[in-house]
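Subject: Structure handover and notes

Hello,

Please find the structure below, with the sequence. My notes follow it.

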Amino acid sequence: MRPLVAQRLLAAGPDPEARLFTGPRSGRITTAVLRDVTQWDEVVTTLGYEHLRRHGLRHTGLTWMADAGVPLHVLRVMAGHGSLQTTQRYLHPDLLAISAAGRSLSTYLAAAPAPSPSLQATLQVL
């Protein structure tokens, strides 16, 4: 059995007007509806995080999905973006991910064979 979100994505197909989630009257979820339903202003004030914005949740969600291995072209469709570049602007790797990338590069370079003598000669000429 497929998860509910996956079923909705498949049912929506290429229809740009299809909604993954709908508002209380089966319509579009507006920022006002989201703010009211979640009591956003009261919650962030109570927690002392008045600087948080709902739009930041899109960035967080897309970043988490990318970290989980969801391909960029799939994230683009889910976010409703027209280009991969827009989706890329939503992704924010954390320090652990950046450190892991650096370790991977170091491991790769440490295991790489030395350049052949002909390549070394070419590099010296350059």
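In which helix does Thr60 lie? Thr60 lies in helix α4; helices here are DSSP runs of H or I with at least four residues, strands are runs of E with at least two, and both are numbered from the N terminus.

Before the rest, the basis of the notes. This is a predicted model, in which local features need pLDDT of at least 70 and side-chain atom pairs count only at pLDDT 80 or more, while totals for chains, interfaces and linings use all residues. Residues are numbered from 1 along each chain as its sequence is written, and side-chain values use heavy atoms, with hydrogens and water left out.

Overall content

The protein chain has eight helices and zero strands. Read from the N terminus, its elements run α-α-α-α-α-α-α-α. Of its 126 residues, 9% count as buried. Buried means under 20% relative accessible area, exposed means over 50%, and partly exposed is in between, with a 1.4 Å probe and protein chains only. Among contacts with a separation of 6 or more, 22% are between residues 24 or more positions apart; contact means heavy atoms within 4.5 Å.

Helix α4 and its threonines

Thr60 counts as partly exposed because its relative accessibility is 32%.

Thr63 has a relative accessible area of 8%, so it is buried. Its side chain reaches the backbone oxygen of Tyr90 at 3.3 Å. Apart from neighbours within four places in sequence, Thr63 is in contact with Tyr90, Leu91 and His92.

Packing of α4 on α5

Two packed helices are described by the angle between their axes and the distance between the axes. For α4 and α5 the angle is about 150° and the axes are 10 Å apart. The axes are lines fitted to C-alpha atoms, for helices over the stretch in contact, and the angles run from 0 to 180 degrees between N-to-C directions. α4 is therefore roughly antiparallel to α5; under 35 degrees counts as roughly parallel, over 145 as roughly antiparallel, 65 to 115 as roughly perpendicular and the rest as oblique.

On the α4 side the contact is made by Arg58, Leu62, Met65 and Ala66, and on the α5 side by Leu75, Met78 and Ala79. These residues divide into six nonpolar, no polar and one charged. For that count Ala, Val, Leu, Ile, Met, Phe, Trp, Tyr, Cys and Pro are nonpolar, Asp, Glu, Lys and Arg are charged, and the others, Gly among them, are polar.

His81 is found in the loop between α5 (72–79) and α6 (84–89). With a relative accessible area of 10%, His81 is buried. A polar contact of 3.2 Å joins its side chain to that of Arg58. A polar contact is a pair of N or O atoms within 3.5 Å; within protein, one must be able to donate a hydrogen and the other to accept it, and residues adjacent in sequence count only if both atoms are side-chain atoms. Beyond four places in sequence, His81 is in contact with Arg58, Leu62, Arg76, Thr86, Thr87 and Tyr90.

Thr87 has its place in helix α6. Its relative accessibility is 0%, so Thr87 counts as buried. Leaving aside neighbours within four places in sequence, Thr87 is in contact with Leu72, Leu75, Arg76 and His81.

Gln39

Gln39 lies in the loop between α2 (31–38) and α3 (40–47). Gln39 is not a glycine, yet has a positive phi of about 55°. Its relative accessible area is 49%, so Gln39 is partly exposed.

Regards
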